[in-house]
Amino acid sequence: MVRLVQIRNGRERRVALVEEPCLRLLALCSSVYELAGAALASGRTLSSFAEKQATTELLDYETIYQGASDWKLMTPIDHPIEPS
């Protein structure tokens with residue numbers, strides 16, 4: 001099972017795979033909504049598409065989770081036009 005999170009550092013947004021104790025940043029997509037759309041367009045499952053976008057960039061999940069990082073966890077998914 002693939003677990004995804006959205007994180008933000010100031011204006012920069014990223015999606016990451018949870019690979020405890022780390023988060024592995026994904027390329028291309030800055031939101032889970034965008035990632036899901038790209039996966040649909042490619043004809044792949046969300047899981048396989050996310051794994052294909054995984055980079056070598058790792059962040060410490062616990063530091064982010066505890067709020068001790070410049071990166072902050074966001075809601076699991078949000079809509080770019082209708083944030084509520």
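**View 1. Tyr61 and Tyr65 lie about one helical turn apart, because they are four residues apart in helix α3 (residues 61-65).** Helices here are DSSP runs of H or I with at least four residues, strands are runs of E with at least two, and both are numbered from the N terminus. This is a predicted model, in which local features need pLDDT of at least 70, side-chain atom pairs count only at pLDDT 80 or more, and totals for chains, interfaces and linings use all residues. Residues are numbered from 1 along each chain as its sequence is written, and side-chain values use heavy atoms, leaving out hydrogens and water.

**View 2. The structure holds one aromatic pair.** The ring centres of Tyr61 and Tyr65 are 6.3 Å apart and the planes meet at 75°, so the pair is edge-to-face. Rings of Phe, Tyr and Trp (its six-membered ring) pair if their centres lie within 6.5 Å; planes under 30 degrees apart are stacked, over 60 edge-to-face, and the rest tilted. Tyr61 is buried, at 15% relative accessibility, whereas Tyr65 is exposed, at 56%. Buried means under 20% relative accessible area, exposed over 50%, and partly exposed in between (1.4 Å probe, protein chains only).

**View 3. β1 and β2 pair in the antiparallel sense over six bridges.** Two strands pair if DSSP finds at least two bridges between them. Leu4 has Leu17 in β2 as its bridge partner. Two residues lie between the strands of this hairpin, and Gly10 takes a positive phi near 65°.

**View 4. β1 also runs antiparallel to strand β5 (residues 72-73), joined by two bridges.** Arg8 stands opposite Lys72 in β5.
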